[in-house]
Amino acid sequence: MKKTTIATAVLAGLTLSGLAQAQTLNIVSWGGAYSDSQQKAYHDPWMKKTGDKIVNIDKSANALAGLRAQTQAGNVTWDVVDMLPSDAIIACDEGLIDIIDADKVLEPAPDGTPPSKDFLENSLGECFVPQIVYSNILAFNTSMFPKDKEPDSIKALFDLENYPGKRALQKKPINNMEWALVADGVAPDDVYEVLSTEEGVARAFKKLDTIKDHVIWWEEGAQPPQLLADKEVSFASAYNGRIFNASVNENQPFDIIWDAQVFELDGWVVPAGKLDRVKDYLAFATATPQLANQAKYISYGPARKSSSALVSTMDGTDIDMKPHMPTYGPNFKTAIRKDDAFWADHLDELSQRFNAWLSS
Amino acid sequence: MTLPSDTPEGLTTADGRPLKASLEHAVRRHRLRALMLVLPLVAFLIVAFILPIGSMLWRSIDNPEVSQGLPLTSRAIADWDGQELPGEPVYAALYKDLETGYADRSIGRVASRLNYQYSGMRSTLMGSARKLGRLEGPPWKAAMISLDRDWGEHDLWRMIQREARPWTLSYYLSAIDMQYAPNGDIVEKPGYLQLHVKLFVRTLWMSMLITALCLVLAYPVAYLLATLPAGKGNLLMILVLLPFWTSLLVRTTTWIAILQQQGVLNDILVSLHVIGNDERLQMIYNKTGTIVAMTHILLPFMILPLYSVMKTIPVGYMRAARSLGAGPVTAFRRVYFPQTVAGIGAGSILVFILSIGYYITPALVGGESGRFITNLIAYHMQTSLNWGLAAAIASILLFVVIICYLVYNRLIGVDKVKLG
């Protein structure tokens, strides 16, 4: 009799916990200042609201490789993955991630605008929900140049005479080839058209040749602010948010050259078969207030129009975030939108050529 | 184990069985028991060594994407003679394959695979698959070409025909900087795409250099260790082993702190006025960095085998040689050195093979000019995601190591290796 009671109690307990089951979500992202902003804007409020546990995994740099490997092994442990749209296109085509019907899964804007209208034009993918607009920019340490000779154009990157010193650039063809062409006189809007031709590619490499011996190649997003702070380099290409955070939080004398910034989106994808499990989190994290909140912690523009209107000052300071956003008018004049379709087609070949160029 | 032939045939044991059979039975039982003891090791070797290497070798020629992702097209194109553009049946098969492949999302893998070989194939395939709905009906040939002009390219169909086979040599060709020309001939890649052969050669000669440096540095140390009295010798031994027990990453990053431009060594040189502040030496993120750090890291692997061999050489031999009239150089060259060859061989092959496969140290301190072929394998695993190519490069590296081992066996003999 007693045994039965206990058994019933245990069973009841199990059922109850089953109803309001707190789960553990493995969320893959980029680490550093960026993951911190996600932690504060999305993860902490979600954990408080539901009791879920969120584990951060800093693997976004190799997210596509990870998804392929986990899928082939038949053991996908990731629940939500932060990814670039170009990788998301490939993952979606290969069936590695779930198709997301934005209007069914995501929250509408506070005024009722459906997600498909509220997110920036052409930003939602078949399998991809954008969070932010970020930018690849060139940054420099202001203490390394005289006040009256601070660089403000992408041409400075290739101008060793007036701006000597090493340059830190990301070890991949993307951004570098675009900048080489713009500095060589190509209009930002024509960059990808020129780059589609053999002459354009040769021209870009020829321009890169002029600074090759002065470049330190970086691979992790945390490296460029470090190299700038150590004064190992005069210029570094970087993600604009990292430079902003280093200059605000760590008082580093960094400044950004917005000329020819290469901007793109970044957002969430869900590994195949996981959508039901993470639907609620995804809807919460990409809702208008959460996206607006993230901009309190890092200078990336929210991907929802309804959130952009809410962007105000940085958390705990009175710094207005708007002028630090890639999409802010004056910053945006000569911006290049990274052409995901171009790079999806040409990254294999140009990477091969870039690697051969590096070691020649 | 067999019985001596002169054993009388008629002998039996106490229970009446023939002696021979009984003995064989006992021996077999022993063998089985011994086999049981090594079974865990065999199982471990199979799981952790033979299967992964087998799967790597397999992956370097395995080519399932096109034949599985475009099954009808693969079959239809198989007996195309390659003269004119393929006929209507091939295009009809392509249409069907794209339709099913797009619906079950299997076409993406084909697109990724073919894009390695033919830049732009990704958008040709995916774009056509997306727009299939616009087509009204046969003839499919004209219809597909109207969707994307690339479908009218002769070279593209040659490439599809080649890659539709279930196995491929493309990865191996790419690993040695070759490729298929559109007509199917194997040709060298254009100069601006050549990379792998150079890295293979660099990996080999830098590994030899590191081995030689290790030998030069280790020989006197090992000699000292072997000849010092026990107390001092032990202390010295601890000094050799201490870095050996320290994490590889710690030792590598220590070299960064020492060698970088704002690092310890440059600071000392500047403060001694050997060099000016604006002419600090670049000693890391290049070949020098790789050679210095790897020589240091691999040094114990040379010292220990040398030491174990030298320890067994009686001190009296050298004295005897000297007392018989040999000068110090002759005594060393003709008496001492020949006896240490086994140790040199063991240390060298150990350091050389470890060095060829090293990956993390060149990645951290090698920059561009100090990069090894192993770093490229990692790159193809993680970044370019071309796992077939990574497997092909790794397989070639494996063959190179096996050849080195065979040459070594021929010259010195593996049975002479002494590790302690």
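Predicted model: local features only at pLDDT ≥ 70, side-chain atom pairs only at ≥ 80, totals over all residues.

**Notebook: helices, domains, chains**

I started with α3(A) and α4(A), which are therefore roughly parallel to each other (angles under 35 degrees count as that, over 145 as roughly antiparallel, 65 to 115 as roughly perpendicular and the rest as oblique). Residues are numbered from 1 along each chain as its sequence is written, while chains are lettered from A and ligands numbered from 1 in the order in which they are written.

Back to that pair. The axes of helix α3 (residues 63-73) and helix α4 (residues 85-93) of chain A come within 10 Å and cross at roughly 20°. Axes here are lines fitted to C-alpha atoms, for helices over the stretch in contact, with angles from 0 to 180 degrees between N-to-C directions. Helices (H or I, at least four residues) and strands (E, at least two) are DSSP runs, numbered from the N terminus.

Which residues of α3(A) and α4(A) meet? I found Ala63(A), Leu64(A) and Leu67(A) on the α3(A) side, and Asp87(A), Ile90(A) and Ala91(A) on the α4(A) side. Contact means that C-beta atoms, placed from the backbone, lie within 7 Å. I sorted the residues of this contact into five nonpolar, no polar and one charged. For that sorting, Ala, Val, Leu, Ile, Met, Phe, Trp, Tyr, Cys and Pro are nonpolar, Asp, Glu, Lys and Arg are charged, and the others, Gly among them, are polar.

**Chain A as a whole**

I looked up 16 helices and ten strands in chain A. Its C-alpha trace spans about 90 × 45 × 40 Å along the principal axes. A compact globule with 360 residues would have a radius of gyration near 21 Å, and chain A has 23 Å, which agrees. (That radius is taken over C-alpha atoms, and the globule rule is 2.2 Å times the number of residues to the power 0.38.)

Chain A is divided into domain 1 (2-133 + 265-329) and domain 2 (134-264 + 332-358), with bounds from an automatic or database domain assignment. The centres of these two domains, taken over C-alpha atoms, are separated by 29 Å. Their contact takes 23 residues from domain 1 and 17 residues from domain 2 of chain A. My helix α4(A) turns up again: α4(A) gives the most to the domain 1 side, with four residues. That side divides into 16 nonpolar, six polar and one charged.

**Over to chain B**

Chain B has 19 helices and two strands. A compact globule of 420 residues would have a radius of gyration near 22 Å, but I noted 32 Å for chain B. Domain 1 (65-166) and domain 2 (196-416) of chain B have centres 52 Å apart over C-alpha atoms.

I also checked a helix pair here. The axes of α18(B) and helix α19 (residues 387-411) of chain B come within 8 Å and cross at roughly 155°. That makes α18(B) roughly antiparallel to α19(B). The residues of this contact divide into ten nonpolar, one polar and no charged.

**Where the chains meet**

How many residues of chain B are in contact with chain A? I noted 29 residues of chain B against 25 residues of chain A. The largest share of the chain B side, seven residues, comes from α5(B). That side holds eleven nonpolar, twelve polar and six charged residues.

Methods: Contact = placed C-beta atoms within 7 Å.
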